[in-house]
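Hello,

Here is the structure we spoke about. Please open it alongside this message and follow the notes below.

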2 protein chains.
Amino acid sequence: VRVAVDAAGLEPGHRVVVEGVLKALDGTVASKIPLNPVIYGPAEILRNEIEELGGSVDSIEIVDSPEVVEMHESPREALLTKPNSSIVRAVRDLAAGVVDAFVSMGNTGAVVGASRAYLGKIRWINRPALGTPLPRKNGMGFMLDVGATPDPKSGHMLQFAAMGAAFVERVYGIENPKVGLMNIGTESNKGDERSKDVYKLLSRSPLNFIGNIEGSDLFGEKADVIVSSGFVGNVLLKFSETIPSMIDQFITGNDLSGNGRLKKFDYSSYGGATLLGVNGNVVIGHGRSSSSAVARAIEWSCKIVSGNLENALREKVFKTRRAVLLTNPFVIGDGSDDI
Amino acid sequence: VRVAVDAAGLEPGHRVVVEGVLKALDGTVASKIPLNPVIYGPAEILRNEIEELGGSVDSIEIVDSPEVVEMHESPREALLTKPNSSIVRAVRDLAAGVVDAFVSMGNTGAVVGASRAYLGKIRWINRPALGTPLPRKNGMGFMLDVGATPDPKSGHMLQFAAMGAAFVERVYGIENPKVGLMNIGTESNKGDERSKDVYKLLSRSPLNFIGNIEGSDLFGEKADVIVSSGFVGNVLLKFSETIPSMIDQFITGNDLSGNGRLKKFDYSSYGGATLLGVNGNVVIGHGRSSSSAVARAIEWSCKIVSGNLENALREKVFKTRRAVLLTNPFVIGDGSDDI
């Protein structure tokens, strides 16, 4: 598997990315699937860092991408003015089939924007969604969107639900997964206008919709797939990532640092968020990732590649849309033209 | 202080409410401020429970309110069809000045709706907001809205910010409190359309606006007042309330139950959420409150009464609106007519 890795964007700097690539090469995945990493960034600096860290320059390809999309930059402008940035180069190579997957810890908006522009959306899908695994007592949950589409229409969220169900079936092996809508009450009349509308759409769909869930159900077992707007999902995700340090902060005197269970809260141990809905395998890691998190993200991208997700997503969204539209082809809230 | 307490709505039943009232009467607040609780609910049952629990029927007034607004009921219909419910009766008594404050653990939508209908909004304030204390390492933070207005316009959120600042100044004694906007990135161009709009409004305001904050800053020190839509605030609040049980679930083998710091996560220990923007002191507790939480909510309502909040809120919102409008009286996004 040829995985493009974005060396730019990560806050701690290139070195952490290079360390992550070396760890992934040493790791367990490499023994099962041959991994060929391709790092996109400033070639000279990267070559030096690989050698300093004891890696072999021959085993890691480098594509010189001198321009950097900074974290605070407007994605739109960055994509237009920096054609030689690592993000644009890597996504174009992914589109061309030169690499099989792309892993970035950089500007999420720029990665999503470049993916929409150069990979294109999967047929029947109007907006991409970023999905993230959720820790829970047994197995794993999945939430989408967590930031690709902050302000979706209700029809987009129906598509998120279908994509999430297809993902969870394919990757976690959960049959007929339970789909829950993140809302502010369990009753169908709760929430903002969008939520009420999505509730109606999901009720008419062939998905296994279990109704509204609340913030308290985020790490629970009620739903296998949690559907939310990118805004709500992102805020929840970022808050939940602070739980380990919060525990340290509030509960002093208990040595929890060596407790393996704490890792359950650390999303990086699952490999990052997956961009669903574009023609290509894109994994977005956290901007403050450690080298181990970078390695996990690379390993995760290998898993996604072998999952052949695109067909599953397209088929599930198509069938879901069709079923909902056949129940009532005309009046379906403000998202009617976007189902 | 005469405090109306809603005996209905609480999921564990009347008894917990009665226990809470008795605890509040025994508690510390009662020794400083004379507390006169008035319980609204089925008189016969309540009288029996007070006696069974060893309380004196003479020290606790009861207003017979046989109808109950259930948690799953539509607030609109409940208010129209149940004029003898505890919520409607208590709010009407609050409006008439018969009681000084109202504490309910019932249907939030019904309490907010009844408050808007019978108390009316404070002048210059278009939408009420529910504010909740946030635990943090030093002192206390405050977030609003957490559920009274799920889908506010940007102008409403400017008012939330001003109300939150006034509350924190008056109740926590923090001068010129830092106001942060809950968003999905720190840059001004991040978020959905509403967030971008609110960012602009807050930037033009005389409030001490420190910019966007993210989910990871919820329990941090960056902002004293966190402004969010009722939808986002509610989801965050409900998720954060699960942290204590999550810690139990994931970290076994560490006896944390006796650790006082864990209580920091338990909102009920702060006394519940305060409804800001209506002419009257209304405190809303959690539907799954313990009797101690009910007692805290009653004590909290006494504190609010002595704070004389209404004038402070009105003045702060008036000054904030005026300052923003004077910078640009016409074009201020979609919330222009609601500032």
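**Notes on the two chains**

Asp145(B) sits in the loop between E6 and helix H7 (154-172) of chain B. The bond that joins it to Leu144(B) is a cis peptide bond, with omega about 0°. Keep in mind throughout that this is a predicted model.

Chain A has a cis bond too: the peptide bond from Leu144(A) to Asp145(A) has omega near 0°. Asp145(A) is in the loop between strand E6 (140-144) and H7 of chain A.

Strand E6 (residues 140-144) of chain B also holds Phe142(B). Is Phe142(B) buried or exposed? Its relative accessibility is 1%, so Phe142(B) counts as buried. Setting aside neighbours within four places in sequence, Phe142(B) has contacts that include Gly131(B), Pro133(B), Phe167(B), Tyr172(B), Asp224(B) and Leu276(B). Ile226(B) is also in contact with Phe142(B); the two are 84 residues apart in sequence, yet their C-alpha atoms are 6.2 Å apart in space.

Next, chain A as a whole. It contains 12 helices and 11 strands. Of its 339 residues, 58% count as buried. Take the contacts in chain A between residues at least 6 apart in sequence: 73% of them join residues at least 24 apart.

On the H1(A) side the contact includes Val17(A), Val21(A) and Ala24(A), and on the H11(A) side it includes Val294(A), Ala295(A) and Ile298(A). By class, this contact has seven nonpolar, three polar and three charged residues.

H1(A) itself has 13 residues and spans 19 Å from its first C-alpha to its last, close to the 18 Å expected at 1.5 Å a residue. Which residues of H1(A) are buried? They are Val16(A), Val17(A), Val18(A), Gly20(A), Val21(A), Leu22(A) and Ala24(A).

The second pair is helix H7 (residues 154-172) and helix H12 (residues 309-327) of chain A, at an angle of about 135° and with axes 8 Å apart. H7(A) and H12(A) are therefore oblique to each other, and their crossing is right-handed. Among the residues that meet are Leu158(A), Ala162(A) and Phe167(A) in H7(A), and Leu309(A), Leu313(A) and Val317(A) in H12(A). The contact of H7(A) with H12(A) has 12 nonpolar, two polar and four charged residues.

Back in chain B, look at helix H5 (residues 86-96). Its buried residues include Ile87(B), Val88(B), Val91(B) and Leu94(B). The buried residues of H5(B) pack against several elements of chain B, including strand E1 (2-6), strand E2 (36-41) and helix H6 (108-118). After H5(B) comes Gly97(B), which has a positive phi near 85°.

Trp124(A) has a phi of about 80°, and Trp124(A) lies in the loop between helix H6 (108-119) and strand E5 (129-135) of chain A. At 31% relative accessibility, Trp124(A) counts as partly exposed. In chain B, Asn176(B) has a positive phi of about 45°, and Asn176(B) is located in the loop between H7 and strand E7 (178-182).

Regards

Technical notes:
Residues are numbered from 1 along each chain as its sequence is written. Chains are lettered from A and ligands numbered from 1 in the order in which they are written. This is a predicted model: local features need pLDDT of at least 70, side-chain atom pairs count only at pLDDT 80 or more; totals for chains, interfaces and linings use all residues. Side-chain values use heavy atoms; hydrogens and water are left out. Contact means heavy atoms within 4.5 Å. Helices (H or I, at least four residues) and strands (E, at least two) are DSSP runs, numbered from the N terminus. Ala, Val, Leu, Ile, Met, Phe, Trp, Tyr, Cys and Pro count as nonpolar, Asp, Glu, Lys and Arg as charged, and the others, Gly among them, as polar. The expected span of a helix is 1.5 Å times one less than its number of residues. Buried means under 20% relative accessible area, exposed over 50%, partly exposed in between (1.4 Å probe, protein chains only). Axes are lines fitted to C-alpha atoms, for helices over the stretch in contact, and angles run from 0 to 180 degrees between N-to-C directions. Angles under 35 degrees count as roughly parallel, over 145 as roughly antiparallel, 65 to 115 as roughly perpendicular and the rest as oblique. A crossing is left-handed if the near helix is turned anticlockwise from the far one by less than a right angle, and right-handed if clockwise.
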